[in-house]
Amino acid sequence: MTEARTELRERFSEAEWSDSHGQDVVRLSREQLLEFCNAALEAGFEVLADITAVDWYRTRTPRFDVVINILSMQHRRRLRILVGVPDGDPMVPSLVPIWPGANFGEREVYDMFGVTFDGHPDLTRILMPDDWEGFPLRKDFAVGAVPVQFKASHQVN
Amino acid sequence: MSDKTIDDPQLEEVDLWVSGTEEAEWDVYSTDEGAQKMRLEETGARLTEQLGSVVTDDYDLDDIISEDERMIINMGPQHPSTHGVLRLQLELEGEMIRRSKCVIGYLHTGMEKTAETLTFLQGPTNVTRMDYLAPLHNELCYSLAVERLLDIEVPPRAEVIRILMTELNRIASHLVAMATNGMDIGALSIMTYGFRDREQILAFFEKTTGLRLNHNYIRPGGVAADLPPGWRADVTDICDTIIRRLADYEDMLKENPIWVGRTRGVGVITADECRAYGITGPTLRSAGVAWDLRKAFPYSGIENYEFEVPVGEKGDVYDRYRVRIEEIIQSVGIVRQAAAAMPKGDFRIDDRKVTPPPRHRIDESMEALIHHFKIFTEGFRVPAGETYVAIESPRGELGCYLVADGTGKPWRMHTRAPSFYNLQALPIMMADSVVADTVATIASLDPVMGDVDR
């Protein structure tokens with residue numbers, strides 16, 4: 001059951017492997033990502049379960065983490081890949097050629113964080129309107145508020 | 001279906017109702033229907049086809065529609081059969097769909113952003129509004145993620161209540177799937193029956209949680225309230241009624257020629273395509289893969305219950321309908337086991353960090369009052385860390401990726417919505433099918449737009 005993981009672990013021993021609450025996590029550089037994912041697919045991780053990102057605005061460098069959860073149905077195993085992405089050049093290679101199901105997930109990450117995916121077939125906004133400005137899930141994007149008509153409110157006159 | 005094409009000279013003769021019969025031998029005086037019929041038979045007119053008892057295609061689509069006759073039409077977002085606000089762009093060649101694209105986001109309300117402004121205890125209020133047909137699964141997934149970061153375990157009674165409630169929710173959700181699937185194909189009575197039976201479950205939910213939908217019942221540390229008095233009779237009644245009525249629905253649909261004709265071989269997807277596109281839940285199981293997170297990665301003690309994972313063979317609309325019906329039966333079994341095994345004890349964890357003090361203590365003790373106030377205003381702190389928890393929702397793998405930074409609010413909460421990823425199956429299922437099958441295919445996927453757009 002653990003063969004797939006040990007094989008990957010030996011091959012990418014220089015990557016940063018860790019355990020987060022009983023789950024395997026590997027931190028990769030952007031250059032390693034495609035090679036690692038191809039190897040993971042061969043090792044039996046046939047499903048890309050989820051792709052998302054985290055904005056570590058003013059707390060960490062690089063600013064973004066792209067989080068990829070992959071799943072091996074045959075080995076009953078999950079693996080999480082974290083890829084740091086700097087603010088100045090928010091770009092990672094697209095995983096659509098490896099797992100076609102990454103399509104919507106990558107579009108969502110682009111829509112919400114402005115991280116672009118090199119090689120994605122149709123990298124457009126998916127949830128927000130096409131003419132929306134800014135990336136809502138970034139920490140420097142305000143939550144926003146609706147003016148309310150209370151007596152003490154000075155937002156509505 | 002006939003394999004005749006437009007080049008067939010015999011077919012060209014019959015494009016008028018009386019073609020081939022308006023010859024001189026047409027007897028204008030025999031006006032009664034019977035005499036005309038016999039006359040037509042003598043003249044060799046193809047009456048069976050003209051009267052509709054034998055259906056032939058009068059043209060072959062692939063032959064006469066050329067590339068430049070492709071047409072793109074929009075279906076939705078306001079379309080009753082798209083289950084909310086799903087918009088489809090269909091590229092048509094005559095009646096055939098060649099390519100299609102889902103356009104989503106009409107229900108996007110930024111719930112992942114909202115989650116960052118709510119405390120961990122307020123979180124379930126937010127996530128319960130995502131998949132509004134399976135709100136309890138959303139709450140469970142979120143609560144499991146928070147509990148894993150807190151490194152706490154809920155008491156046994158809370159776990160069994162969670163299983164009982166989520167499996168009842170699965171039954172309700174699958175009943176809606178069956179109902180809307182029927183409605184889209186034209187079986188209107190199955191729609192009313194499905195919603196009627198779901199109502200019984202929602203009434204029980206209302207009794208237990210106070211609300212029919214959006215319960216905010218499963219919370220980090222346990223559940224919000226104990227089961228109401230008389231719950232056992234209610235649950236037994238629900239189980240018996242569902243099983244009894246399912247037999248009726250089987251009679252109505254299982255071998256109904258119209259139903260089978262509209263669903264067999266429609267919207268086919270293979271197991272490999274499902275895996276490549278991250279499609280889970282009944283859609284994956286209908287393609288023959290016995291993959292259920294309740295078996296693969298058990299949560300909340302679901303491994304202690306006996307149930308089977310029903311699978312289909314062909315991966316078509318009919319198989320998905322069958323898988324859901326079988327899953328209802330399995331879930332009823334789990335609910336019965338849970339009701340029988342319900343342990344006594346607390347329904348939430350006895351950890352003062354997470355759980356507010358009991359109501360009667362607030363009247364007696366100043367500290368308890370302050371504690372209560374603190375928990376509901378500031379919330380509890382969760383140690384820094386990140387985790388991904390996935391459970392089997394009625395639509396597939398529902399995941400929650402939670403990042404805590406040591407404060408009372410999540411740094412990032414992401415929901416892996418099963419409907420969102422499952423929508424990627426639609427262009428595959430609908431390629432080279434006819435327009436009339438579109439609604440059957442969408443309904444069999446059972447997407448919930450609140451889940452897709454979040």
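## Chain A at a glance

What share of the 157 residues of chain A count as buried? In this predicted model, the figure is 37%. The C-alpha trace of chain A spans about 65 × 35 × 30 Å along its principal axes. If you list its contacts between residues at least 6 apart in sequence, 52% of them join residues at least 24 apart.

Chain A has three helices and seven strands.

## How confident is the predictor?

For the model, the scores are ipTM 0.88 and pTM 0.83. Chain B has an average pLDDT of 84, and 85% of the residues score at least 70.

One stretch of chain B deserves a careful eye. Over residues 14-20 of chain B, pLDDT stays under 50. For these residues the model has eleven contacts beyond four places in sequence.

## Strand β3 of chain A and its partner

Let us start with β3(A), which covers residues 47-55. Nine of the nine residues of β3(A) are buried, so this strand is largely enclosed by the rest of the structure. It runs antiparallel to β4(A), and eight bridges join the two strands. Within this pairing, A:Thr52 has A:Val67 of β4(A) as its bridge partner. As background, strands of a sheet pair through backbone hydrogen bonds, either parallel or antiparallel.

The loop between β3 and β4 of chain A holds A:Pro62. The peptide bond leading from A:Thr61 to A:Pro62 is cis, and its omega is near -5°. For context, most peptide bonds are trans.

## Helix α2 of chain A

Helix α2 of chain A takes in residues 30-42. Among its residues, A:Phe36, A:Cys37 and A:Ala40 are buried. Just after α2(A) comes A:Gly44, with a positive phi of about 115°.

## Where the two chains meet

How many residues of each chain take part in the contact between A and B? On chain A there are 26 residues in contact with 29 residues of chain B. Three elements of chain A each supply at least two residues of the side that touches chain B: β3 (47-55), β4 (64-72) and α3 (102-113). Of these, β3(A) gives the most, with six residues.

What is the make-up of the side of chain A that touches chain B? Its residues divide into 15 nonpolar, seven polar and four charged.

## A four-stranded sheet in chain B

In chain B, four strands form an open sheet in the order β1-β2-β3-β9, with antiparallel pairing. At the edges are β1 (70-75) and β9 (433-434) of chain B, each of which pairs on one side only.

Inside that order, β2 (residues 87-93) and β3 (residues 96-103) of chain B pair in the antiparallel sense over seven bridges. One pair to look for in your viewer is B:Glu91, whose bridge partner in β3(B) is B:Arg99.

## Two positive phi values in chain B

Most residues other than glycine have a negative phi. Two residues of chain B are worth a look with that in mind. B:Asp151 has a positive phi of about 60° although it is not a glycine, and B:Arg454 has a positive phi of about 50°, again without being a glycine.

B:Asp151 sits in the loop between α7 (135-150) and α8 (156-185) of chain B. With 10 other C-beta atoms within 10 Å, B:Asp151 is exposed. B:Arg454 lies in the segment after α21 (449-453) of chain B. It has 27 other C-beta atoms within 10 Å, so B:Arg454 is buried.

## Around B:Thr208

Is B:Thr208 buried or exposed? B:Thr208 has 22 other C-beta atoms within 10 Å, and because 20 or more is the cut-off, this residue is buried. Its place is in helix α9 (residues 188-209) of chain B.

Which residues is B:Thr208 in contact with, leaving aside its neighbours within four places in sequence? They are B:Leu227, B:Pro228 and B:Trp231. B:Asp226 is 18 residues from B:Thr208 along the chain, and their C-alpha atoms are separated by 7.6 Å.

Terms used
Residues numbered from 1 in each chain as written. Chains lettered and ligands numbered in written order. Predicted model: local features only at pLDDT ≥ 70, side-chain atom pairs only at ≥ 80, totals over all residues. Contact = placed C-beta atoms within 7 Å. Nonpolar A, V, L, I, M, F, W, Y, C, P; charged D, E, K, R; others polar. Buried ≥ 20, exposed ≤ 12 C-beta atoms within 10 Å, placed from the backbone. Pairing = 2+ DSSP bridges. pLDDT = per-residue confidence, 0-100.
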